[in-house]
Amino acid sequence: MGDYKAAENRYRNVEGTGFYRHCGDSGLMMPPLALGLWHNFGTNDDYENMKKMCFTAFDNGITHFDIANNYGPVYGSAEENFGKILREDLGVYRDELIISTKAGYDMWEGPYGNWGSRKYLIASLDQSLKRLGIPYVDIFYHHVGLSNYDGPTMAKAERILDELHVPFVINQNRYSILDRSVENNGLLKQTYASGKGLICFSPLAQGMLTDRYLKDMPADSRAVKDGRFLHEDQVLANRPLLNQLNEIAAGYDMKLSELAIAWLLNKPEVTTVLIGASKPEQILSNLKAVEKQSHTVMSEEELQKIEDAVAAFGRQ
C-alpha cells in the first residue's frame, strides 16, 4: 500500500452546500463533477500524474471516476492503471467511490468483441473487473446504447429494461453550450421526465470552451498535437462565438470554462458534469466553477444572452 491518506475535510468543505445531488429520482447521490479517464491514463502517460489527479479529485469531494474497457491507449490500460491506483492507495476508500465502466465499442477480434450482444457485454465486464481488481462496479454502461438514442427511442428502451428488471438510473450524453443534440432530439426532456440522472461528457467541447483558443492556437494544444477529436478549423470557425461567450462569462466573474460548467449544472436535468484533465490544477479550476455556480444567480435574461449568441452564430 502507498502512503496516500485522503484529506480529512473532503466532505466537510462541501457539507450543507448541496454539493452532492440525487441521481434523478433514485437514492444515489452523485458529485457535481466526475473525473473521466478517457485521456491521460493510458500506457504512455505519467503514472505519478494519474495518481495526483485521482487524489486531488477525491480530496475535494469528487467521488465518481468514469472509465471504459477500451480507454487508453492501449485498450484496457486506463482500467489497469486505475486498478493499480486502487490497489496501492484509493482502494481503502472503495465504499466512498462511485466507479463506472463501459462496453460497446471494439475491444477484441471476432464477432463477440464489439457492439452489444449479451456475450460481449458480460465478457467485457468480467475483463474490466479483472483489470480494475475489484469485485463490482457501481455503474455499467453500454457505450453505444442509450447515449445515442433520441427521446422516443429512450422511452421504448426504458420500457424494455423495466420488463426485464434491469436497473436504469443514469444516462451519459454529450452536452455543452456548443452541442445541443440532446435538446433537439428529445433525449434531455425524456431523461428528466423519466426521473433518470444525466451525466454530461465533453462539457468543454474538447477544450474549445476554455481560454486556450481565444486568441491563438497554442503549439501544445490538443487541436494542434492530436486532431482526432478537435481540429484547428473547428476552433477558427467558432472563435467569434467563443469570444462572445467569454465576454458573457466575464459578466459573472467567470472564465469561459467555468461558465460552460456552471451553465450545465444550472440545469435541473443535469446530475453530474464529466470532466477530463491532464494535470491536477485543471481539476481544481473546474471545482471553482462549481463553487461559483452555487453562489451565482443565473437569471433567465442573462441565460438568454447565451442562447441568442449561439443562435445568431448558427444563422451566419
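## Aromatic pairs

Tyr-175 is buried, at 0% relative accessibility; buried here means under 20% relative accessible area, exposed over 50% and partly exposed in between, with a 1.4 Å probe and protein chains only. The model is predicted, so local features need pLDDT of at least 70 and side-chain atom pairs count only at pLDDT 80 or more, while totals for chains, interfaces and linings use all residues. Residues are numbered from 1 along each chain as its sequence is written, and side-chain values use heavy atoms, without hydrogens and water.

The count of aromatic pairs is 9 (rings of Phe, Tyr and Trp, the last by its six-membered ring, with centres within 6.5 Å; planes under 30 degrees apart are stacked, over 60 edge-to-face, the rest tilted). One of them joins Trp-108 and Tyr-120 edge-to-face, at 5.3 Å centre to centre and 65° between the planes. Trp-108 is in the loop between β5 (98–103) and α3 (118–132), and Tyr-120 is in helix α3, 12 residues apart (helices, H or I, of at least four residues and strands, E, of at least two are DSSP runs numbered from the N terminus). Trp-108 is partly exposed, with a relative accessible area of 28%, whereas Tyr-120 is buried at 0%.

The rings of Tyr-175 and Trp-263 also form an edge-to-face pair, with centres 5.5 Å apart and planes at 65°. Because Tyr-175 lies in the loop between β7 (170–174) and α5 (181–184) and Trp-263 in helix α9 (residues 256–265), this pair ties together parts 88 residues apart in sequence. Trp-263 is buried, with a relative accessible area of 2%.

## Cluster and charges over rings

One aromatic cluster is formed by Tyr-4, Phe-55, Phe-58 and Tyr-93.

The charged end of Lys-84 sits over the ring of Tyr-47, 4.3 Å from its centre (NZ of Lys or CZ of Arg within 6 Å of the ring centre and within 35 degrees of the ring normal). Lys-267 lies over the face of Trp-263, 4.5 Å from the ring centre.

## Second largest pocket

The second largest pocket holds about 410 Å³ of space. On a 1 Å grid over the protein atoms alone, a pocket is an open set of points where a 1.4 Å probe fits, with protein on both sides within 12 Å along at least five of seven lines; lining residues have an atom within 4 Å of a point. The volume is the space filled by probe spheres set on the points, which are joined across faces, edges and corners.

Of its 20 lining residues, Val-14, Phe-19, Leu-287, Val-290 and Glu-291 are the closest to the centre. Helix α10 (residues 280–294) contributes the most to this lining, with 7 residues.
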